[in-house]
Amino acid sequence: MKIAIYTHQDVTDKPVNRFTYAKITKADGDKCWIKAMRLYGRECEFAYYHDIGCYPSNSIDRPALNQVINLIENEEIDVLCVYVLSKLSSEVPLILEIYKKCKAHHVDLITGLDGKKAMDVLDKLLEKEEK
């Protein structure tokens, strides 16, 4: 099983201390790894993707996230893990766009905080969207 762990830190309009942001990103990644390992086992293959920089959370046009989306579309991963859904985007329609791609390509979208419960929440939002 291949698991992509994606982290994002937007430093737009903030004093840039890359060391601090790198520590936060590593901590988020570690929490994702622990949750994914508990859910899917130690034998999984993990890959980390990070966007640290002036990449606002209201957009999904980020280098590492685009790389992850390509992996999803090419069915090269089985699971995408983010610490919290807002690491994908602050815009619910953009989160749903990514989730729809995950569902279409049989990729679980989990969070380091809530695990698979994130998919339950997103499924309910999709149901409302369809009505």
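Lysine 87 forms a salt bridge with aspartate 28, and their closest N and O atoms sit 3.6 Å apart. Keep in mind that this is a predicted model, where local features need pLDDT of at least 70, side-chain atom pairs count only at pLDDT 80 or more, and totals for chains, interfaces and linings use all residues. Residues are numbered from 1 along each chain as its sequence is written, and side-chain values use heavy atoms, with hydrogens and water left out.

**Exercise 1. Work out where lysine 87 and aspartate 28 lie, and whether each is buried or exposed.**

Step 1: start with the rule, which asks for a side-chain nitrogen of Lys or Arg within 4 Å of a carboxyl oxygen of Asp or Glu.

Step 2: Lysine 87 is in the loop between β3 and α3, while aspartate 28 is in helix α1, so the pair links distant parts of the chain, 59 residues apart. Helices here are DSSP runs (H or I, at least four residues), as are strands (E, at least two), numbered from the N terminus.

Step 3: check accessibility. Buried means under 20% relative accessible area, exposed over 50%, and partly exposed in between (1.4 Å probe, protein chains only). Lysine 87 has 17%, so it is buried; aspartate 28, at 7%, is buried too.

**Exercise 2. Find how many salt bridges there are, then describe the pairs made by lysine 26 and lysine 100.**

Step 1: the count comes to five salt bridges.

Step 2: lysine 26 pairs with aspartate 30, with closest N and O atoms 2.8 Å apart. Both are in helix α1, four residues apart, so about one helical turn separates them. Lysine 26 is exposed at 52%, and aspartate 30 is partly exposed at 31%.

Step 3: lysine 100 pairs with glutamate 129, and here the closest N and O atoms are 2.7 Å apart. Lysine 100 belongs to helix α3 and glutamate 129 to helix α4 (residues 117-130), so this pair ties together parts that are 29 residues apart in sequence. Lysine 100 (39%) is partly exposed, and glutamate 129 (43%) is partly exposed as well.

**Exercise 3. Describe how helix α2 and helix α3 cross, and which residues make the contact.**

Step 1: the axes of α2 (residues 63-73) and α3 (residues 92-104) come within 9 Å and cross at roughly 30 degrees. Axes are lines fitted to C-alpha atoms, for helices over the stretch in contact, and angles run from 0 to 180 degrees between N-to-C directions.

Step 2: that makes α2 roughly parallel to α3, since angles under 35 degrees count as roughly parallel (over 145 is roughly antiparallel, 65 to 115 roughly perpendicular, the rest oblique).

Step 3: on the α2 side, Leu65, Ile69, Ile72 and Glu73 make the contact (heavy atoms within 4.5 Å), and they meet Ile98, Lys101 and Cys102 of α3.

**Exercise 4. Locate glutamate 75 and histidine 106, and say what their phi angles are.**

Step 1: recall that most residues other than glycine have a negative phi.

Step 2: glutamate 75, not a glycine, has a positive phi of about 55 degrees. This residue lies in the loop between α2 and β3 (79-82) and is partly exposed at 49%.

Step 3: histidine 106, also not a glycine, has a positive phi of about 60 degrees. Look for histidine 106 in the loop between α3 and β4 (108-111); at 65%, this residue is exposed.
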